[in-house]
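I opened my notebook to look through a new structure, one part at a time. Here is what I looked up, in the order I went.

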Amino acid sequence: MTEFLSWHLDTIHIITTLVIFIFTFVFITTEALPNAIAAMIGAFLLVAFHIVNQEEAIDAVDFETIGLLSGMMMTVAVMRKSGLFEYIAIKSIKLTGGSPWRILVVLSIVTAVLSAFLDNVTTVLIVVPLTFAVADTMKINPMPMLISEILFSNIGGAATLIGDPPNIMIGGATNLDFMDFIQNNTPVVLVVSVVTFVLLRLIYHKKLSGMVADKEKIQAFDEKRAIQNKRFFYTTLVIFLIIIALFITHHLHKIDLATLAIGGGFTMMMVTKQDPEEILKEVEWATLFFFIGLFIIIGGLEKTGIISFLADKMVEVTHGETEPAAQLVLWMSALSTTFINSIPYTATMISVIKEMTINANQSIEPIWWALSLGACLGGNGTLIGAAANIIVAGFTQKTPYPIKFKEYFKIGFPLMLVSIVITSLYLYVRYF
Amino acid sequence: MIKVRDYIYKDILSVNENSDLRRVIITMKRHRVCAIPVVNQLGEYVGCISEQDILNASVPQYMKSMYNTSFMADIDHIIGHLHDLLEEKAIKFTDSGYPTVTPNDSMSYAADLLFRSKKTALPVLEGKMLIGLLTRIEILTVSLNGNKLS
């Protein structure tokens, strides 16, 4: 009798958890509720229905991810004031001599590099207004540049552990460190970048070479005036480089990334004499609570056995072989994150992959790279595929050049598929 | 209570909602005002245009979202954009939520309203009709006239 009752209770728990999970997912995807609210209410309900208790909920939160995210947010909030990012972008634009194609390439490279070290939303919030400034000055249509910047914010973000939320989460959940990401993701990111440029050249060649641009005018931009306080500029730059150097040398000192990021953020505030109240206001608390809520919901999925059920299914389909599993995860991730938010998707998949039992003599590592590359690059498929895409689209709606869903899809989706084909080949050649 | 009624600047200056921006700017300059009430064909008050509203419309969206725009100091963006707006109708720049007062309001209330909204002048309305304007200096000079509340 008690056995029956406990079985019954388990079933109720599984159903409740699934309902909460699905509702949260639907609310996030349809944007019916702000992400943070959807995730935190979902998490609250799981605890309220005693599916997980409060202690288990707290244990489920990956504070490595939360710490790294919040630390980087603080660091970047201070750095943004220095004018460094504007300086880099304007200096690069002036080097192009005003050719629209070269401006597209340079702004895309700047976007990719900044995205690799900052979060993508911050990057596009810096680069996109500058693109409009350049286009307005030269009297050209900024659309090709904007689309290219969206693509490269996601491509560049895939390159490093701190570049994109899926990577931060994978880094937090595994032993893979900063250099592992550089060694495994950066080569394929470089190949994808080159191929994307070639394809963009083919797509936009006519449009860009037909543009009559006021080339001389961009020389009137004065990058030096972007830096208002030289001392502040150099101080923030040096501290940021030290933080990155410590990330890279993790294997030597074994200080974890979250500690380094938070320590770095507060050191930055101390040295530059910033008001912590002001800087901490710039931390995206809503994003952090979104993550916290998701981790708790995934914790519920784990406890009720839903994750291990999914993991068993994955093992069944792939016979526990790494190669088909990596390819499956890659394509599944790319196609899913094209339409749904990559953050809850990745959080779920991390738990699933951890539960998978891979055949004894094989490494699980390629599956992590497949998840990371699929989730990051998949974001390029549609205008709603990643946070940066949504931000750029929203920004352009108030300008004379609004990006339309269809217009983006025609370019973004095929280019995303090409990047995933390249990644698929890369996984095959490099790991199998 | 010191009332608005006693201090209204009654030389009613306004522009029609269908006037173009060029006309608005010329009128503002000629009469040295920083904000001007807008009326419709029936002479009813519909809102106010301030210098700030016009500047706001001429600064491009992308510049507003930049932390710092000083690197663009040598480029004529804003003046260029403003030039493109000169033929647009006044109603497009009109702030219909601009604060207003009635003749029976106290000067202290008007002073508080001006201070909070950071505006330079308040239209004085009786129903829908504009009957005058109250400027910041009118309020500041109230105390000079021997008015001291006991």
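**Where the chains meet**

I began with the contact, keeping in mind that this is a predicted model. The contact takes 14 residues from chain B and 19 residues from chain A. I then sorted chain B's side of the contact by class: eight residues are nonpolar, five are polar and one is charged.

**Chain A as a whole**

Then I checked the radius of gyration: a compact globule of 432 residues would have a value near 22 Å, and chain A has 22 Å, so the two agree.

How much of chain A is buried? I noted that buried residues make up 50% of its 432 residues. I also looked at contacts in chain A between residues at least 6 apart in sequence, and 82% of these join residues at least 24 apart.

I picked helix H4 of chain A, residues 63-80, and tested its length. Its 18 residues should span 26 Å at 1.5 Å a residue, and the end C-alpha atoms lie 25 Å apart, so the helix agrees with the expectation. H4(A) is mostly covered, with 15 of its 18 residues buried.

I did the check again for helix H19 of chain A, residues 365-378. This helix has 14 residues and reaches 20 Å from its first C-alpha to its last, close to the 20 Å expected. H19(A) is mostly covered as well, as 13 of its 14 residues are buried.

**The strands of chain B**

Over in chain B I traced an open sheet of three strands in the order S1-S2-S3, with mixed pairing. The edge strands are S1 (15-16) and S3 (45-50), each pairing on one side only. I followed S1(B) to strand S2 (residues 35-39) of chain B: they pair in the parallel sense over two bridges. In that pairing, Val15(B) stands opposite Val38(B).

Is the pairing of S4(B) and S5(B) parallel or antiparallel? I found that S4 (residues 121-126) and S5 (residues 129-135) of chain B pair in the antiparallel sense over six bridges. Here Ala121(B) stands opposite Thr135(B) in S5(B). The two strands form a hairpin with two residues between them.

How values were computed
Residues numbered from 1 in each chain as written. Chains lettered and ligands numbered in written order. Predicted model: local features only at pLDDT ≥ 70, side-chain atom pairs only at ≥ 80, totals over all residues. Pairing = 2+ DSSP bridges. Helix = DSSP H or I, 4+ residues; strand = E, 2+ residues; numbered from the N terminus. Contact = placed C-beta atoms within 7 Å. Nonpolar A, V, L, I, M, F, W, Y, C, P; charged D, E, K, R; others polar. Expected span 1.5 Å × (residues − 1). Buried ≥ 20, exposed ≤ 12 C-beta atoms within 10 Å, placed from the backbone. Rg over C-alpha atoms; globule rule 2.2 N^0.38 Å.
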